[in-house]
Amino acid sequence: MKISVHEIDKETIESEKINIEPEVIFNRPDILKKDYVLLFISNEKGSRYLFVEINDNVADTGSFLMDITLEEAKAVNKFIFKKYKNIDEINWKNIPIKCGVWKNTFQKVIDLPTDCEELKKRLTSKNRYNLRREQRLIKEQLGDFRFEVYESNVPPDIVESYFAFKNVTHDCDYHMTPEEYLKTYCVSTAYVMRTANEILAILFSCEQCDCVYFENFTYNVKYSSYSLGSIIYDFFLEQLVRKHKKSVFLGGGAYEYKKKYGSKEVHAYVCRIYRSKIRNIQIQGKRKWNYYSKKFREQCDRKVLVEEKV
C-alpha cells in the first residue's frame, strides 16, 4: 500500500478547516502559537492531517491517541528526516502502535453523553447518594458553597492556591510562576469550589478543542473528609456536557475516580525515533540490558531470602 506524505502551506491552513481526530490541544500546536508544520497523509483507504511541532532538532508529532498505522508513521518519519536535515529525533506520544524506542502507556477516556441526566446514570445509586450527602454536609457544616469557572483568563492567585494545596497533599513544588504553569500544561480553564471565606478545591483543564484534557485537581486538606475531589469532578464533567464537548482524556493512573462515568482504558505507546540507526540500537540495547539486569537482581534477592529462611 503506497502512502503519500506532503506538507501543507500556512496560507491553506488559515483559509481551510483542518480536521484533526481526535482534536485535543496536544494535537494542535498551531493553537498554542508554536513552531509547526502540517502534513497531509493519504493512501487508497483514506487520508488524515498531522501537525508536527518543531523544536530545534526534535520533531513532536501531534498524534495523541490518534488511530495512526505503523505504515503511516514510517512514511512520516521518512518524510521528516529527508526534508528537515536538522531533525535528529521524532517523538510519537500515545499512539496505538510501537516503533523505534518505545514504552507502554495507558490512558483513561470518557466519551461524553449529550445530556447531564445520562451522565448521572453512569454512576451507581450509591455514588449519586454519596455526592448529594457530601454536598448537604458541606452546606450544613461549612456554609453555602459555589463554583466559579475561569475561562482563558485564569487569575494568578488561583494558581498560587493550587500550588499551596499540592504542596501539602503531595509535597510538590512546581518551581514555576502561575503564568509558566498555565503555559507549560496548556491550561485554559479553572474550576474553583469555594465558600464565602475560602477555597475548597481547584480543577484545571485544557478545553481549547472538542476533546478536553483533564489536567489536574487539588483540594484544601482541612476538609478532606468531605469528598471535595468527587464533587468538583462531577461539576466539571457536567459543564463539559453542557458545552457539548465530545470526550475528556484523563491521563493514566489507577485512581478510583477515573474508573467512573463510563470511562474506558486505552492502551498506547510512547515512541521515539532517531535519525541514526546506531542510536536506535544503542538505546534499545540499553533498555533490554536494564530490564534483564533488574530481573537478575530480583532472582538473586529471592534466592537470598529462600536461603535465609532455610
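What share of the 310 residues of the protein counts as buried? The figure is 47%, where buried means under 20% relative accessible area, exposed over 50% and partly exposed in between, with a 1.4 Å probe and protein chains only. Please keep in mind that this is a predicted model, in which local features need pLDDT of at least 70 and side-chain atom pairs count only at pLDDT 80 or more, while totals for chains, interfaces and linings use all residues. Residues are numbered from 1 along each chain as its sequence is written, and side-chain values use heavy atoms, with hydrogens and water left out.

The secondary structure consists of eight helices and 12 strands, taken as DSSP runs numbered from the N terminus, with helices being H or I of at least four residues and strands E of at least two.

Let me turn to threonine 195, which belongs to strand β8, residues 189-195. With a relative accessible area of 6%, threonine 195 is buried. Beyond its neighbours within four places in sequence, threonine 195 is in contact, meaning heavy atoms within 4.5 Å, with Leu142, Asp144, Phe145, Arg146 and Leu200. As for aspartate 144, which is 51 residues away along the chain, its C-alpha atom is separated from that of threonine 195 by 6.0 Å. Across the protein, among contacts with a separation of 6 or more, 71% come from residues 24 or more positions apart.

Finally, glutamate 160 is found in helix α5, and this residue counts as partly exposed because its relative accessibility is 43%.
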